[in-house]
Structures are given as C-alpha cells and as structure tokens.
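Biologist: I would like a close look at one part of this model. Please take the charged pairs and walk me through them.

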Amino acid sequence: MPVSSPPQLGLVCITVSKDIRYRTVTRKRLLEQSDDGQRKLLDDIYRDNLQTLDGALQYCRRNGIRLYRIPSSIFPFFDEDIGRAVMAPLAPALARTGRRATELGLRLVMHPDQFVVLSSDSPDVVANSVKILQMHADIMDLLEQPRSPWALLEVHGGKANRSDALVERIRALPDAIRLRLCLENDEYSYGADEIHDVCVRAGVPMVFDAHHHIVHDKLASYDDPSVAATLAAARATWPVPEHQVVHISNGRDGFNDRQHSDLITTMPAAYVEAPWIEVEAKLKEEAIDGLRGWPQSVAPAQAGV
C-alpha cells in the first residue's frame with residue numbers, strides 16, 4: 001500500500017475511553033473450570049474479543065487512524081491445544097475481519113510480549129519464544145494478512161551480547177514468523193546501533209524507537225543528529241521503505257525517564273519523514289489527537305533526513 005503524507009499515527013491496543021476494551025483470563029481461573037467449562041470460557045472470550053477487534057477497525061476508520069496494534073493477549077491460550085480447538089470454528093470470522101481491515105486500508109501489527117527472548121541461552125526459553133511467535137503468526141494468517149513486514153511482528157533483542165545467536169535463530173524461524181519479524185532497539189540490551197547490525201545481518205527490518213534511543217545513549221534532545229541518522233539507517237532495512245514503522249513516547253517524570261508519559265509533548269523533528277508512527281502514550285487516542293497538527297508545524301528543513 002502507498003504511504004500517505006503526513007505520517008500515519010497508530011493506535012496501540014485499547015482506548016482510554018471504553019470504546020476498545022478486551023477480555024482476558026488468568027491461567028488460575030481457567031484451570032478452576034471443568035474441561036467443558038474451559039472451552040466455554042475461552043469461546044466466550046474469543047467471540048467477544050473478535051467483536052471488539054471489529055469495533056476497533058470501525059473506531060480507527062471513524063477517527064482517521066490507519067495503523068492498529070492488536071493486543072498480544074487478544075486470544076488467551078491460543079498457543080495451547082485447547083485454544084486452537086476453540087479457535088477452529090471461528091477461523092472464517094477472523095478471515096472476514098482481516099479482509100475488512102484490508103478494505104479499509106488499515107494496517108494491523110502485533111508486538112509479542114517480553115517472554116519472547118530469541119537470544120536466550122536457555123533452549124527452553126528459545127522454544128517457548130518461537131511458540132509465542134508462532135501463535136502471533138497464526139493470528140495474522142487467520143486474518144489473511146500478508147507474510148511481510150506490512151503485518152509486522154515486532155520484538156526486542158532480548159539477552160545482551162548474544163547477537164550471533166539472535167541472527168542464527170531468526171534465520172531458522174518459519175516463514176510465517178520470519179517474513180513478518182522486525183526488531184526494535186531498547187534502553188538496555190540492544191541500543192539502536194546494535195539492533196541495526198542484527199537486522200542487517202538477519203535480513204529483517206528495524207523498528208526505531210527514538211525514546212529508547214535517547215534513554216540508552218543518555219541524549220539531551222530528540223534533535224541530536226543521531227536520531228535523524230538512525231531513522232534513515234533503519235529505513236534502509238525495510239524492503240519497502242514507505243512501510244517503515246517507528247515508535248514514539250515521552251518520559252513520564254523527565255526527558256530520559258524510561259516510563260511512558262500520558263501524552264506526547266515532544267516529537268523528534270526527523271519523524272516528519274517517518275511514514276508510520278505507533279504512539280506509545282498512556283492516554284492513547286488523546287495523545288494521537290494531540291499530534292494531529294504536529295507534522296504541519298515542522299519545516300521540512302528541520303527534519304534532517
């Protein structure tokens with residue numbers, strides 16, 4: 001799909017309002033049920049959450065949002081036999097939802113949770129990471145989303161100083177995962193330069209997070225030249241540069257605070273050149289609304305890309 005200008009702002013999972021809210025269940029509560037009770041509970045949650053996803057698509061359409069991050073927990077326990085059995089009869093409904101997203105020009109992405117550590121030195125952790133990623137890839141397949149970074153699955157590098165292992169394990173992933181996988185820089189283990197190197201070697205795109213970058217490198221401003229330079233370097237890792245995704249957040253109690261703030265009050269000038277921006281702020285849609293006029297306020301010469 002072609003990129004539009006100005007940058008497209010993406011909604012992450014839910015809204016502050018009650019418009020988009022999903023159900024979940026803990027393992028303890030699920031195991032308290034009989035076998036039939038477990039299937040009934042999961043069936044109810046899956047159907048409710050699929051309806052919520054349909055509502056999220058319509059919410060994004062009404063509000064001019066073209067990127068939506070689906071919650072990782074949308075279908076709890078779908079990576080288990082019981083979850084797959086419950087999901088089987090719902091497959092046609094998921095396909096219809098995915099086609100509807102495509103018809104609306106809405107991009108769907110996912111961000112598997114922190115338990116995905118492909119660089120771990122524990123074989124069990126790596127195996128579980130692949131299992132979780134496969135579940136996300138299966139959801140994207142059921143939604144009839146392409147096996148490409150358009151329908152990206154974005155994860156962090158994980159255990160530090162394990163770049164070679166990370167590259168090797170990415171290369172060995174099944175196509176349904178690998179062809180969608182993108183790596184994001186973080187504050188601790190894999191800074192922007194390190195994760196960019198892994199992305200180049202593994203042949204996967206880089207999702208640049210400017211806030212993680214300034215925290216990791218202890219920078220004083222988003223106008224630091226490295227922000228624009230890294231944005232450009234990350235774009236070069238995308239097979240279709242116009243599909244590049246970046247993240248934005250601000251520090252809660254200070255510029256270099258890793259905790260996310262409620263709104264976005266400071267944007268990197270270079271981000272005016274970013275095609276797709278996931279807004280990681282606690283007040284969700286309110287933060288997106290607050291950025292509506294931001295691109296027009298940034299002169300092209302300021303971007304530096």
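Modeller: Start inside helix 2. Asp-36 and Arg-39 sit about one helical turn apart, because three residues separate them in that helix. This is a predicted model. The two side chains form a salt bridge, with the closest N and O atoms 3.7 Å apart. That falls within the 4 Å cut-off for a salt bridge. Asp-36 is exposed, at 61% relative accessible area. Arg-39 is partly exposed, at 41%.

Helix 2 covers residues 35-62 and also holds Asp-48. Asp-48 forms a salt bridge with Arg-23, and here the closest N and O atoms are 2.5 Å apart. This pair links distant parts of the chain, 25 residues apart. Arg-23 lies in the loop between strand 1 (8-12) and helix 1 (27-31). Both partners are partly exposed: Arg-23 has a relative accessible area of 31%, and Asp-48 has 32%.

Now leave helix 2. Arg-147 forms a salt bridge with Asp-141, the closest N and O atoms being 2.7 Å apart. Arg-147 is partly exposed at 44% relative accessibility. Asp-141 is partly exposed too, at 27%. Elsewhere, Arg-69, Glu-154, Glu-278 and Glu-280 belong to one network, joined by salt bridges that share partners.

Side chains of opposite charge can pair when their charged atoms come close. The structure holds 21 salt bridges in total. The pairs described here are among them.

Methods:
Residues are numbered from 1 along each chain as its sequence is written. This is a predicted model: local features need pLDDT of at least 70, side-chain atom pairs count only at pLDDT 80 or more; totals for chains, interfaces and linings use all residues. Side-chain values use heavy atoms; hydrogens and water are left out. Helices (H or I, at least four residues) and strands (E, at least two) are DSSP runs, numbered from the N terminus. Buried means under 20% relative accessible area, exposed over 50%, partly exposed in between (1.4 Å probe, protein chains only).
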